[in-house]
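Trainee: Could you show me how to read a salt bridge in a protein model? I would like the general idea and then the case at hand.

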Amino acid sequence: MSISHQDHAYPEPAAHPNWSSRHHKPRPLTPAQQKQNRDALLRAQHTPRPRRTTAKAAR
């Protein structure tokens with residue numbers, strides 16, 4: 001059994017404007033921005049993360 005629109009207690013709110021697909025597509029990144037992103041990704045992947053101190057190590 002399908003639910004018709006009249007079966008709802010109140011109407012469904014309108015979709016948020018950001019959900020519409022009528023907006024322009026995002027601009028592609030420039031080669032300089034792509035290089036900056038690649039460099040930042042490589043730095044983040046190869047930089048060791050600081051170790052967290054645990055309760056056992058603090059004793």
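**Reading a salt bridge**

Mentor: Let's start with Lys-35, which is partly exposed, with a relative accessible area of 46%. Partly exposed lies between buried (under 20% relative accessible area) and exposed (over 50%), using a 1.4 Å probe and protein chains only. This is a predicted model, where local features need pLDDT of at least 70 and side-chain atom pairs count only at pLDDT 80 or more, while totals use all residues. Residues are numbered from 1 along each chain, and side-chain values use heavy atoms, without hydrogens and water.

Trainee: Which side chain meets Lys-35 in a salt bridge?

Mentor: A salt bridge is a side-chain nitrogen of Lys or Arg within 4 Å of a carboxyl oxygen of Asp or Glu. Here Asp-39 is the partner, at 2.9 Å from N to O. Asp-39 is also partly exposed, at 30%.
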